[in-house]
Amino acid sequence: MRLSKLKIAFLAGVMRLGSPMVAAPGSQLSPQRLNQVRRAMVTTTESGTNITQAYNACEQWDEIMVDADNLPENIRGICYALQASTRARLGQDALAVDSYRSCLKLKSQLSEDTIYDATMGKAFALQRLMKYNEASLTFLECDTERACIGAVTCLLRLDDVHRAEKVLCNFKRTHQDSIETEALLGILLLMRSRTNDDKIEAARFLSRSCDKSPLYRFAYAVATKTDSLASTSSQKSFGSLDLASVNRSPFDDPMLIHLDDKIYLHKMLTNSTQSPTFWPKGFVLLNDVQELKIYLTDDESNDSTQIMWILKQRAGYGSHGNTLVSKKELMEWCKRDDNDSEGILCQKLVAPPLLLNGHKFSIRVYVVYFPGMSEQTPEVHLSDMGLVKLASLPFEHNAVNDDRIHMTNSGREAEMSQCDLNVLKSKFDDAGWSYSKVWTSIRDSVLQVMQVYLRFAKEQQTHQIQSVGKLGIPKILGFDYIVDANRRPFLLEVNRFPGLEPRDANDTVVKRAVVLSAWALAYNRLGLDAQESHRSVDEDVERCSFERLIPLT
């Protein structure tokens, strides 16, 4: 949401009332109530770069909207929109969708800009929830290029190439100056190309867009089999952030939802012939609730109030959507009859954890995946550079029920710190432990996960995987691990869209190196000169090394 526009709309609404104290005919908006809203607005504007303020703003809006009916309708709609934006900032996308819906019920009282912002906010929240069909329909309520691209992205996530192409053609018909729409049509043509004439036509669609995005520039290079900079008049330079943005493009393997969705991942791993020892004990709720009850009954742990379990929403990200519970709380949860079926993955916490400087930590490793095509095997590469993410509070057994000692994602708390893998290796060396043994276990688990996934994807016989494989776009995945006190790594989740934008100086070097090295690998796979192909990006950045896991070297 564009908060500055909402603030302007709010002030305009107050002015239209004639007096800031008037709430509705026959009622009054008290100065205290008005100040409460103003304070929440100020906190909201500060929440963009301050996660603590985001939590504060969310609490303020929740308190205000309990009594929403006493707000003037035009002000109420904007307040719902601001509440939704803070909920989305905290990863509470399901609640954000509810707030956006409440906002849009008051369309007649809102400006066009506010309606557009709320509709797009709702669509993006649905997209993050992996409700791609509903998200695509919501995007299509807006007649802008950004909305069109959003709808196409969701449709391609559903492997619905036909509908995606139809949306693009319809938009192009009424917006003939839309260069990006033309470029996306060019990529779809390239994906299904069979002859050189098809590739020439795709290159024609892409030729005007090489300065818009490195995605279009790379697709043009694929179509022409030449360095895109040398073969067009393109002059714009792209940096690592531009390349990182391509990781969220519509053109990745649609089956990757089975890695990204925590329940799909759990089922895929636990149903595989080789039982994964690196995957924590888990149950899908409500499907496995009876098995969970039996397990809890047989569990002989002494303290039923100690946090030992985690409930994960299937589409949660950045530790948002995760709830830590004790055995006692979990048994009460199992008795409820208002839980969503198959909406929660319940897993036992890995305990006791290995600590770094007294803190619980997780390890993020980066994997680059190239989908295969008819004449080419899929490729999986493991980066030697990664991140160590520490919880914000030290791990103290007498405070074990505090979320801040468990959650380690750098986007969740402002106080969290992170470092590169070299710091962890040094700690292992100082303690006389074998870091290479831990790394080998991580490597082997990445290989097993991707082997299971590729077998599963092959069984689905989806055509788009091979079509996406023609593009050769690098897909960067984030595998997150926790290490127990016996120095055994356990997989926590796989991120289809890991945050590749640097948060601080500690992760800037790692993320830029991974992104640029992944793209150098992509250009090299095309047989293009790496130096010539990358003259548009940061030349002074350290690069990482990759170990190719699939196919085996």
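First, a term I need: a crossing is left-handed if the near helix is turned anticlockwise from the far one by less than a right angle, and right-handed if clockwise. Helices (H or I, at least four residues) and strands (E, at least two) are DSSP runs, numbered from the N terminus.

Ground rules: this is a predicted model, where local features need pLDDT of at least 70 and side-chain atom pairs count only at pLDDT 80 or more, while totals for chains, interfaces and linings use all residues. Residues are numbered from 1 along each chain as its sequence is written, and side-chain values use heavy atoms, with hydrogens and water left out.

**Helix pair**

I looked up H10 (residues 179-191) and H12 (residues 214-224): their axes come within 10 Å and cross at roughly 40°. Axes here are lines fitted to C-alpha atoms, for helices over the stretch in contact, with angles from 0 to 180 degrees between N-to-C directions. I noted the H10 and H12 crossing as left-handed.

Which residues of H10 and H12 meet? From H10 I listed Glu180, Ala183, Leu184, Ile187 and Leu190, and from H12 Leu215, Tyr216, Ala219, Val222 and Ala223. Contact means heavy atoms within 4.5 Å. By class, this contact has nine nonpolar, no polar and one charged residues. The classes: Ala, Val, Leu, Ile, Met, Phe, Trp, Tyr, Cys and Pro are nonpolar, Asp, Glu, Lys and Arg charged, and the others, Gly among them, polar.

**Sheet**

Next I traced an open sheet of four strands in the order S3-S6-S4-S5, with antiparallel pairing; two strands pair if DSSP finds at least two bridges between them. S3 (282-285) and S5 (322-326) are at the edges with a single partner strand each, so one side of each has no neighbour in the sheet. Neighbouring strands are turned by 25° against each other on average, direction ignored.

S4 (residues 307-313) is joined to S5 by five bridges, and I found Ile310 opposite Leu324 in S5. H15 (residues 262-270) packs on the sheet, touching S3, S4 and S6 (344-348), with its direction at about 130° to that of S3. H16 (residues 289-298) lies across S3, S4 and S6, at about 140° to S3.

**Cavities**

How many cavities of 30 Å³ or more does a search of the whole structure find? I got six. On a 1 Å grid over the protein atoms alone, a cavity is a set of points where a 1.4 Å probe fits but cannot get out, and lining residues have an atom within 4 Å of a point. Grid points are joined across faces, edges and corners, and a volume is the space filled by probe spheres set on the points.

The largest cavity holds about 380 Å³. Of its 23 lining residues, Ile310, Asn322, His406, Thr408 and Leu492 are the closest to its centre. S8 gives the most to this lining, with four residues.

Most residues other than glycine have a negative phi, and most peptide bonds are trans. I flagged a cis bond between Leu285 and Leu286, with omega about 15°; Leu286 is in the loop between S3 and H16. Another cis bond joins Ala351 and Pro352, with omega about -5°. Asp159 has a positive phi of about 65°.

Notes: 1 Å grid on protein atoms, 1.4 Å probe; cavity = no way out; pocket = protein on both sides within 12 Å on 5 of 7 lines; lining within 4 Å.
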